[in-house]
Amino acid sequence: MSQNVASSSPSSSRAPAGPPPGPEACPACGSTAADTALADARDYEYGVPGEFRFARCASCALVFLSPRPTLEQIVSYYPAEYHAYQRPTSRLFRLLDRLQYGPRVRRYRRLLPETGRVLDVGCGDGSLLREIGRRGPWELYGLDFKPEALPASDPAARPLHLFAGTLEQAPYERDFFDLVVMHHVLEHVPEPATTLRKVLEILRPGGTLVGQLPNYDSIERLVTGRYWNGYHTPRHMQCFSRRTLGALLSRTGFADVRTSPALHPGQWALSIQGWLAGRWLTRTRLAHGKAWFYPGCLLAGIPLTIVETAVRRSGVMNFVARKP
Ligand SMILES: [Zn+2]
């Protein structure tokens, strides 16, 4: 069977529905009272020019990019060499990818009934969906706003139901999915409250949202400051903490919200790389966001992520929430 690839129609390619936040409004709670969390933030990975500002909401404490960029600007912040668009070319890297999927897929499997539907938001080349599909008979759905990131049709593989566009544009029915996966997605979307309302709508009652994102209240940010890779300036529209993420999920209508620390040496590596390249090695050339000394940063990141995970102040966190 071939894969079903749908895409947004020209009439639906406009911005997601709902009033956009004002230039200084908090994208989680709408409050317009905010102070500055980080001025003159810069892109230390891909060299998008300019200085950016992160504000901290005076009401809910969310840290967010302010002023908010337009959708056209957001698209321009993702160069063709962006790491998420690069598929592993060597067998070794494909094997490493599969190894890191293992624990995640086992976790997702525990959240799924014997049969059901899974949606991976920001599915890229569909590798995670294929790993999930290897372990059970679930129906596999994926979407990505970048059509060229989606996998080519493979008649020999399990069918994937794919959609090119944003979650807000996708034509999914209400109460449709048993599990929605948002792995490093919620920090990138311009209107996280609107996105989560859509997730709540398409999950069946009792269905689960699961994901991972950077943790603002981490030792990693305290140590690396403006070079913390959780800012990922200017591609992260907001930086959640356990508190601000939990508050937004609960306010949206999710129940049983839980967060947990995640081992993530790669983010530590990019924070260290940003610190070195931004402060000392300012002429460093980067390829796909990585410097020649990135492997050394990755080695350093392994003990650091273990320590901060042990004290529950990790730079990356997992989250789970259920639709009542
Ligand atoms: Zn707020």
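A residue is called buried when its relative accessible area is under 20%, exposed when over 50%, and partly exposed in between (1.4 Å probe, protein chains only). By that definition, Arg235 is buried, with a relative accessible area of 0%. The structure is a predicted model, in which local features need pLDDT of at least 70, side-chain atom pairs count only at pLDDT 80 or more, and totals for chains, interfaces and linings use all residues. Residues are numbered from 1 along each chain as its sequence is written, and side-chain values use heavy atoms, with hydrogens and water left out.

**Arg235**
- Arg235 lies in the loop between α5 (219–224) and β10 (238–239); helices (H or I, at least four residues) and strands (E, at least two) are DSSP runs, numbered from the N terminus.
- Beyond its neighbours within four places in sequence, Arg235 has contacts (heavy atoms within 4.5 Å) that include Asp43, Glu45, Tyr77 and His188.

**Nonpolar cores**
- A nonpolar core is a set of buried Ala, Val, Leu, Ile, Met, Phe, Trp, Tyr and Cys residues joined through side-chain atoms within 4.5 Å.
- The largest such core has 38 residues, and Leu119, Phe177 and Leu186 are among those that touch the most other members.
- Its largest share, 5 residues, comes from α4.
- A second, separate core of 19 residues includes Tyr101, Leu112, Trp138 and Val210.

**Cysteines**
- The whole structure contains 0 disulfides, a disulfide being a pair of cysteine sulfur atoms within 2.5 Å.
- Cys29 is partly exposed at 30% relative accessible area, whereas Cys123 is buried at 7%.
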